[in-house]
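Let's take a friendly walk through this chain, starting with its outline and ending with its charged side chains.

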Amino acid sequence: MALGTNVHEAQNILNNSGLPITSAVDLEDAAKKAVASVAEK
């Protein structure tokens, strides 16, 4: 899997932003996390 330029720096910025963001590594991971977040509510 190819990652973009400065991906680790971007992840750190988002993780430390204080915003309620859930990151994912690919579309499959994103789909699983989206389903799980809806199931929690």
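Helices here are DSSP runs of H or I with at least four residues, numbered from the N terminus. By that rule, Leu 14 sits in helix α1, which covers residues 7-15. Keep in mind as you read that this is a predicted model.

**The chain as a whole**

The protein chain holds two helices and zero strands. Along the principal axes, its C-alpha atoms fill a box of roughly 35 × 25 × 5 Å. How much of the chain is buried? Buried residues account for 2% of the 41 residues. The chain exposes about 3800 Å², and 58% of that area comes from carbon and sulfur atoms.

**Helix α2**

Helix α2 runs over residues 27-40, 14 residues in total. From its first C-alpha to its last, α2 reaches 20 Å, close to the 20 Å expected at 1.5 Å a residue. Is this helix covered or hardly covered? It is hardly covered, with one buried residue among the 14 of α2. At the start of α2, a side-chain oxygen of Asp 26 comes to within 3.3 Å of the backbone nitrogen of Glu 28.

| Asp 29 | Lys 33 | 3.3 Å |

Side chains of opposite charge can pair when their charged atoms come close. Where do the partners lie? Glu 28 and Lys 32 are both in helix α2, four residues apart, about one turn of the helix. Asp 29 and Lys 33 are likewise both in α2 and four residues apart, again about one turn. An α-helix has 3.6 residues a turn, so residues three or four places apart point the same way.

Are Glu 28 and Lys 32 buried or exposed? Both Glu 28 and Lys 32 are exposed. Lys 33 counts as partly exposed because its relative accessibility is 34%, between the 20% and 50% cut-offs.

Methods: Residues numbered from 1 in each chain as written. Predicted model: local features only at pLDDT ≥ 70, side-chain atom pairs only at ≥ 80, totals over all residues. Heavy atoms only, no water. Expected span 1.5 Å × (residues − 1). Buried < 20%, exposed > 50% of the residue type's maximum accessible area, 1.4 Å probe, protein only. Polar contact = N/O pair within 3.5 Å; in protein donor to acceptor, adjacent residues only side chain to side chain. Areas by Shrake-Rupley, 256 points an atom, 1.4 Å probe, with all protein chains shown as cover. Salt bridge = Lys/Arg side-chain N within 4 Å of Asp/Glu carboxyl O.
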